[in-house]
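Could you walk me through how to read a structure like this one?

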Amino acid sequence: QDASGARVFNLDIESGETLFLDGGPTETWGVNGAYLGPTIRAAKGEKVRFRVDNGLDEPTSLHWHGMHLPPDMDGGPHQPVGPGETWTPNWTIDQPAATLWYHPHLHGNTADHLYRGLAGMFILDDDNVDQLKLPAEYGVDDIPMIVQDRKFDDNNQFDQSIPFMSTSGTLGDEIIVNGSRGPYHEVTTRLVRLRLLNASNARMYNFGLSDDREFQLIGTDGGLLPEAWATDRVQLSPGERAEIVVAFEPGETVELRSYEAEFELGDMAPARLNGDEDRFDIIQFRAADTLTDETEIPAVLASAPDLDTHDIAEVRTFELEGRNINGERMAMDRIDFGVREGDTEVWEVTNVNGYIHNFHVHDVQFQILDVDGAEPPPDLRGWKDTVLLIPDLRYRLAMRFDGYTNPDMPYMYHCHLLTHEDQGMMGQFVVL
Ligand code: C2O
Ligand code: CU
Ligand code: CU
């Protein structure tokens, strides 16, 4: 803790080597280590302060994805940290328990910096969730899972080339979970909670268990769902998170896999060219012969998103096409619009040309009012900050801009397929 009572975290960005393949090490980047970074954990109401030291030879940044915070603490394209420099953002956690994450956001270099290994989880806690009897023992029955695909060249180095005809970006044929290839987890409890994060540059995952058993989806990007939803698949596009709880039987071995994606793309971006027909093993679970059974999934997890949609200050339209949003690409010195602090707005977002895109908004969690006029499916009924845009469907997102104003420092909204983002599929807004 520092003098202001903030909890201080030291984050050193550095380069190093990681042994993924038997043939020899891969040059990687990491935070406080050679690949990925530590899980940061803080509670609602807590003040946090970071010392981000950039030990690389080039500028980068760290953005706190999903966090409600002042725009100059956001770590986006306007907060680069030069080589050898230190950046010390601080804010007070002011949102419910959730699985967030952090990653670089230097304009034009986000894909490269994340691919090299800069990313980590940022878990938020709050008293309401602490009182539930959900699995919550970190590393035992509450497991962070940073899922990434990587491609290696003949020298075991990361290969960021984009496959011929792929419209979505770099796709790998090896799955890395928390920096490990071919991982397993020894299960000692009946219920296990997985915090799934798609930290890949371009790949979609459609997670399910190898015997197709049902599991409970309990949380999405911004926190717990109103109630658990029993399903056998959960699909995540880059940047999205899901918390699921899986029930195990003593002595069994089960895999978590990623299956073919379950949506149709237009003719422009056939699924097979974008990796959406690929299948992967993600992690193996090996259950002990006796399992403890002290946790449960309560009937009510959280209150449902309840923005007041009778009082919408502004309705905005966003069309994603090619690498443009509303016909424009990101320009560092162009602010696209201003929103008023305290207002609730509705953003109507449509992917109009059939490539794969998703949509992420900084600073807020949004409520999906409808998908092309229909009630959102159960996995889109909680707070979200990133949503897959199935081509030609109009997603109506409600969000409220609270707390922080700054006419000079924007927040971003963008496609989270990182090649698209780097190519300019991003815009900027300020809160006034
Ligand atoms: Cu995960 Cu603008 O970022
Ligand atoms: Cu973000
Ligand atoms: Cu995109």
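Q: Where do I start, and how much can I trust the coordinates?

A: This is a predicted model, where local features need pLDDT of at least 70 and side-chain atom pairs count only at pLDDT 80 or more, while totals for chains, interfaces and linings use all residues. Residues are numbered from 1 along each chain as its sequence is written, and chains are lettered from A and ligands numbered from 1 in the order in which they are written. Where pLDDT is low, the predicted coordinates should not be read in detail. Here the chain has a mean pLDDT of 96, with 99% of its residues at 70 or more. The model also scores ipTM 0.99 and pTM 0.98.

Q: How many helices and strands does the chain have?

A: Helices (H or I, at least four residues) and strands (E, at least two) are DSSP runs, numbered from the N terminus. In this chain there are three helices and 31 strands. The chain is as compact as a globular protein of its length, because its radius of gyration of 20 Å is close to the 22 Å that the globule rule gives for 432 residues. That radius is taken over C-alpha atoms, and the rule is 2.2 Å times the number of residues to the power 0.38. The C-alpha atoms fill a box of roughly 60 × 60 × 50 Å along the principal axes.

Q: What share of the chain is buried?

A: You count neighbours: a residue is buried if 20 or more other C-beta atoms lie within 10 Å of its own, exposed if 12 or fewer, and partly exposed in between, with C-beta atoms placed from the backbone. Buried residues make up 45% of the 432 residues here.

Q: And what do contacts tell me about the chain?

A: Two residues are in contact if their C-beta atoms, placed from the backbone, lie within 7 Å. Take the contacts between residues at least 6 apart in sequence: 78% of them join residues at least 24 apart.

Q: Which domains is the chain divided into?

A: Domain bounds come from an automatic or database domain assignment. Here you get domain 1 (7–125), domain 2 (142–292) and domain 3 (314–431). Between the centres of domain 1 and domain 3, taken over C-alpha atoms, there are 23 Å. Their contact takes 17 residues from domain 1 and 17 residues from domain 3. On domain 1, the side touching domain 3 has six nonpolar, eight polar and three charged residues. For those classes, Ala, Val, Leu, Ile, Met, Phe, Trp, Tyr, Cys and Pro count as nonpolar, Asp, Glu, Lys and Arg as charged, and the others, Gly among them, as polar.

Q: What does the UniProt record list?

A: UniProt positions are given in the numbering used here, feature names are shortened, and annotations may be inferred rather than shown by experiment. The unreviewed UniProt entry lists "domain: Plastocyanin-like" for residues 17–127 and 321–431. In the model, residues 17–127 are 7% helix and 41% strand, with end C-alpha atoms 39 Å apart. Residues 321–431 are 5% helix and 41% strand, and their end C-alpha atoms are 26 Å apart.

Q: Can we zoom in? Is Asp149 buried or exposed?

A: Asp149 is buried, because 23 C-beta neighbours sit inside 10 Å. Asp149 lies in strand S10 (residues 142–150). Leaving aside neighbours within four places in sequence, its contacts include Leu171, Ser200 and Arg203.

Q: Where is Ile40, and what does Ile40 touch?

A: Ile40 is in strand S3 (residues 40–43). Not counting residues up to four places away in sequence, Ile40 touches Phe9, Gly120 and Phe122. Ile40 and Gly120 are 80 residues apart along the chain, yet their C-alpha atoms are separated by 7.7 Å.

Q: What about Asp422?

A: Asp422 is in helix H3 (residues 418–422). Asp422 counts as buried, because it has 22 C-beta neighbours inside 10 Å.

Q: What should I know about phi?

A: Most residues other than glycine have a negative phi. Asn178 is not a glycine, but has a positive phi of about 50°. Asn178 sits in the loop between strand S11 (174–177) and strand S12 (180–181). Asp392, also not a glycine, has a positive phi of about 75°. Asp392 is in the loop between strand S28 (386–389) and strand S29 (394–400), and is partly exposed, with 13 other C-beta atoms within 10 Å.

Terms used:
pLDDT is the predictor's confidence in each residue, from 0 to 100.
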